[in-house]
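Open the model in your viewer and keep the sequence panel beside it. The stops below go from one selection to the next, with a note on what is found at each.

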Amino acid sequence: MNPTINDWATFLHSQGPFQWAITMNLKKRHPIYQTYITPQIFEQTGRHYLSLVNKGIFKRKYRYGRAKLNGIFCMEVGELEKRPHLHFAIGSDSESHKDALLIELNKACKKMDWIKGDIHVTPYQDSGWLNYLLKTGFNEVVLH
């Protein structure tokens with residue numbers, strides 16, 4: 001069986017609920033270490049961001065595996081003139097975490113080296129965002 005884009009979008013939608021859609025530009029080259037971004041650094045940056053947000057919200061519950069956010073992200077490089085960036089869909093089962101989550105999303109990005117400028121955070125609207133994540137193919141999507 002060869003899954004279609006709609007099959008993948010349905011699968012990703014089942015990983016929700018999501019409250020926030022985030023786009024994060026990354027630097028092409030690290031200013032201190034003079035290292036260029038690689039797919040491995042891409043993925044580590046996305047996972048590190050989600051980890052920082054989870055630690056900020058859940059504290060020890062996250063550390064011991066008892067609570068974590070629903071989070072998926074996609075890595076996109078684009079053409080030579082485009083900046084590498086990550087697209088996230090992040091949320092929680094609890095509606096009470098929504099405001100705290102917004103604060104942590106913005107606080108966590110300040111602690112990261114590879115982020116270029118501010119992140120763009122918008123309320124998650126519908127599964128159309130997930131279809132957008134899949135434009136580069138499912139092999140570029142990371143479940144966290």
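This is a predicted model: local features need pLDDT of at least 70, side-chain atom pairs count only at pLDDT 80 or more; totals for chains, interfaces and linings use all residues.

Residues are numbered from 1 along each chain as its sequence is written, and side-chain values use heavy atoms, with hydrogens and water left out.

Begin by selecting the five strands of the open sheet, which run in the order β4-β1-β3-β2-β5 with antiparallel pairing. At the edges stand β4 (120–123) and β5 (141–143), each with a single partner strand, so one side of each has no neighbour in the sheet. From one strand to the next the twist averages 20°, where axes are lines fitted to C-alpha atoms, for helices over the stretch in contact, and angles run from 0 to 180 degrees between N-to-C directions.

Next, select β1 (residues 20–25), which is joined to β4 in the antiparallel sense by four bridges. On the β4 side, Trp-20 is opposite Pro-123 and Thr-23 is opposite His-120.

Now turn to the β3 side of β1, where the two strands pair in the antiparallel sense over six bridges. Here Ala-21 faces Ala-89, and the bridge partner of Trp-20 in β3 is Ile-90. Buried means under 20% relative accessible area, exposed over 50%, and partly exposed in between, with a 1.4 Å probe and protein chains only. Five of the six residues of β1 are buried, so this strand is largely enclosed by the rest of the structure.

Which residues of β3 point one way, and which the other? His-85, His-87, Ala-89 and Gly-91 point one way, Leu-86, Phe-88 and Ile-90 the other, and all are buried. In a regular strand, side chains alternate between the two faces of the sheet.

Move on to β2 (residues 70–76), which pairs with β3 in the antiparallel sense over seven bridges. Phe-73 has Phe-88 as its bridge partner in β3, and these residues also belong, with Tyr-49, to one aromatic cluster. The count of aromatic pairs is three, taking rings of Phe, Tyr and Trp (its six-membered ring) as paired if their centres lie within 6.5 Å, with planes under 30 degrees apart counted as stacked, over 60 as edge-to-face and the rest as tilted.

Finally, select the cysteines Cys-74 and Cys-109. With a disulfide defined as a pair of cysteine sulfur atoms within 2.5 Å, the count comes to zero. For Cys-74 the nearest cysteine sulfur, that of Cys-109, is 19 Å away. Cys-74 is buried at 1% relative accessibility, and Cys-109 is buried with a relative accessible area of 8%.

Terms used:
Two strands pair if DSSP finds at least two bridges between them.
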